[in-house]
Amino acid sequence: MSERQLFQDWLDYLPDFLQEFQSFMNESDQEYDYSPESLDALEEWILSHYQDTDDLLKKSESQILNLLACYIGETIIKIKGGQWELDLEPESVYYGLPVIVLPPYGDSVCPITLATASADRRTGDFLSSLACSEE
């Protein structure tokens with residue numbers, strides 16, 4: 001199966017992943033409503049569960065990382081616009097990963113790396129500051 005077909009299959013399952021994210025996060029009192037505030041709550045959750053990027057990148061956490069990335073990406077789309085695409089530029093640091101291509105200039109962000117970066121930077125507002133920036 002081609003990378004594009006795998007990506008399309010992943011996109012087809014995105015609503016299911018988002019529902020699974022909501023069910024998984026149901027343990028918290030936070031409402032995950034695709035707002036900047038919910039990104040702060042999500043980052044707080046990430047920081048309370050992962051000491052650093054390596055913890056989040058463990059194979060045992062791959063399903064959770066996927067759910068986090070789906071929610072982060074959809075929240076960015078709701079706040080800034082854009083769309084999911086598969087980065088197939090061989091020189092790109094995001095090669096082979098789903099990215100959000102943002103209007104108006106076509107810049108892209110990778111929700112997977114945003115999740116791991118939030119675990120590394122440990123600021124508590126990394127995700128929301130990026131989602132709300134006027135770049």
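Accessible areas come from the Shrake-Rupley method with a 1.4 Å probe, and for residues only the protein chains shown count as cover. This is a predicted model, in which local features need pLDDT of at least 70, side-chain atom pairs count only at pLDDT 80 or more, and totals for chains, interfaces and linings use all residues. Residues are numbered from 1 along each chain as its sequence is written, and side-chain values use heavy atoms, with hydrogens and water left out.

**Figure 1. The whole chain.**
The accessible surface of the chain is about 7,600 Å², and carbon and sulfur atoms hold 48% of this surface. The chain has 6 helices and 3 strands, where helices (H or I, at least four residues) and strands (E, at least two) are DSSP runs numbered from the N terminus. Their order along the sequence is α-α-α-α-β-β-β-α-α. The radius of gyration is 14 Å, close to the 14 Å from the globule rule for 135 residues, so the chain is as compact as a globular protein of that length. This radius is taken over C-alpha atoms, and the rule is 2.2 Å times the number of residues to the power 0.38. Along the principal axes, the C-alpha atoms fill a box of roughly 40 × 35 × 25 Å. Of the 135 residues, 42% are buried; buried means under 20% relative accessible area, exposed over 50%, and partly exposed in between (1.4 Å probe, protein chains only). Among contacts (heavy atoms within 4.5 Å) with a separation of 6 or more, 53% join residues 24 or more positions apart.

**Figure 2. Glu20 in helix α1.**
Helix α1 covers residues 3-24 and includes Glu20. The relative accessible area of Glu20 is 32%, which means that this residue is partly exposed. Apart from residues up to four places away in sequence, Glu20 touches Gln63 and Leu67. Ile76 is 56 residues from Glu20 along the chain, and their C-alpha atoms are separated by 19 Å.

Tyr34 sits in the loop between α1 and α2. Its phi is near 65 degrees, a positive value in a residue other than glycine. Ser38 belongs to helix α2, residues 36-49. Ser38 counts as buried because its relative accessibility is 0%. A polar atom of the Ser38 side chain lies 2.7 Å from the backbone oxygen of Ser35. With neighbours within four places in sequence left aside, Ser38 is in contact with Gln30, Glu31, Tyr32, Asp33 and Tyr71.

**Figure 3. A cis peptide bond between two prolines.**
The bond from Pro103 to Pro104 is cis, with omega near -5 degrees. Pro104 is in the loop between β2 (98-101) and β3 (108-109).

**Figure 4. Helix α5 and the residue after it.**
Helix α5 runs over residues 111-121, and its buried residues include Pro111, Leu114, Ala115 and Thr116. Ala117, Ser118 and Ala119 of this helix are buried as well. Arg122 follows α5 and is found in the loop between α5 and α6 (126-132). The phi of Arg122 is near 55 degrees, which is positive in a residue other than glycine. With a relative accessible area of 34%, Arg122 is partly exposed.

Phe126 lies in helix α6 and is buried, at 11% relative accessible area. Beyond its neighbours within four places in sequence, Phe126 is in contact with Glu43, Leu114, Ala117, Ser118 and Arg121. Gln5 is 121 residues from Phe126 in sequence, with 32 Å between their C-alpha atoms. Ser128 is also in α6 and is buried, with a relative accessible area of 9%. The side chains of Ser128 and Asp40 are joined by a polar contact of 2.5 Å. A polar contact is a pair of N or O atoms within 3.5 Å; within protein, one must be able to donate a hydrogen and the other to accept it, and residues adjacent in sequence count only if both atoms are side-chain atoms. The Ser128 side chain also reaches the backbone oxygen of Asp125 at 3.4 Å.
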